[in-house]
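Subject: Structure handover

Hello,

Here is the structure we spoke about. Please take a look, then read my notes below.

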Amino acid sequence: MADNIARVFADAIATDPTRPLLTWYDDASGDRTELSGATLANWVAKTANLLVDEVALALGDPVGVLLPPHWQTAAALLGCWSAKLSVVDTPGDVDVLFAAADRLDEAQSWSAGERYAFGLSPLAAPLQQVPPRFADYVVEVRRHGDHFAPQPGPGPTDGPLLARAEARAAELGIEPGARILIDAARYPDPVDWLLAPLTRAATVVLCANLDPATIPARLATEKVTHTLP
């Protein structure tokens with residue numbers, strides 16, 4: 001296995017960048033978003049370019065992430081890891097804070113140089129009202145380049161994260177190339193819903209507010225081969 005997350009992501013999509021890599025459902029809102037490997041890589045590159053070119057972050061700089069399992073969260077996290085930054089989830093001093101719009105109260109516990117709010121809306125729609133002291137992530141990120149060349153080697157947290165991801169992939173029975181249905185509420189840790197599948201070049205159907213009645217049809221239409229226990 002590669003020694004860094006950016007390489008693991010690149011390897012996972014290399015065989016067929018056009019296949020659906022991450023499909024997002026929200027059974028409460030009816031939202032469905034499907035991203036191929038190429039499309040997610042585009043969002044990842046834009047995020048990394050935002051952090052490196054605009055905010056001028058460097059190797060190991062801390063980024064706070066207050067985001068739930070979501071396709072935009074995948075883009076944000078992989079963008080951070082591609083730029084070799086340290087993602088933290090404990091309140092403190094960070095250079096950048098990514099926060100969901102419904103978690104802004106929690107965001108007050110963080111000291112951050114730059115703050116980006118995520119509406120997590122269907123079709124990546126902009127926020128109707130941007131909170132004070134925040135920028136709108138989907139507006140800002142779209143202005144950046146579609147390609148990013150990660151530095152070689154691992155970031156400061158890549159080794160421990162990939163070791164955990166490998167262990168979890170084995171524990172959860174994720175086979176190489178599987179298509180996995182994941183209940184976002186049961187598996188909120190990105191090691192489970194994002195990194196463990198990537199280590200197996202598996203694709204993900206990630207569901208928020210999962211309605212059990214939808215599962216049989218979803219298994220068929222999404223060609224799911226495995227559900228997390």
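My notes on the fold, the surface and the cysteines follow.

This is a predicted model: local features need pLDDT of at least 70, side-chain atom pairs count only at pLDDT 80 or more, and totals for chains, interfaces and linings use all residues. Residues are numbered from 1 along each chain as its sequence is written, and side-chain values use heavy atoms, without hydrogens and water.

Fold. The protein has 8 helices and 10 strands. These are DSSP runs, numbered from the N terminus: helices are H or I with at least four residues, strands E with at least two. Of the contacts with a separation of 6 or more, 68% join residues 24 or more positions apart. A contact means heavy atoms within 4.5 Å.

Burial and surface. Of the 229 residues, 51% are buried, meaning under 20% relative accessible area with a 1.4 Å probe, protein chains only. The protein exposes about 10,000 Å², by the Shrake-Rupley method with a 1.4 Å probe. Carbon and sulfur atoms supply 53% of that area.

Cysteines. How many disulfides are there? The count is 0, taking a disulfide as a pair of cysteine sulfur atoms within 2.5 Å. Cys-80 is buried, at a relative accessible area of 0%. Cys-207 is buried too, with a value of 0%.

Best regards

Key. Buried means under 20% relative accessible area, exposed over 50%, partly exposed in between (1.4 Å probe, protein chains only).
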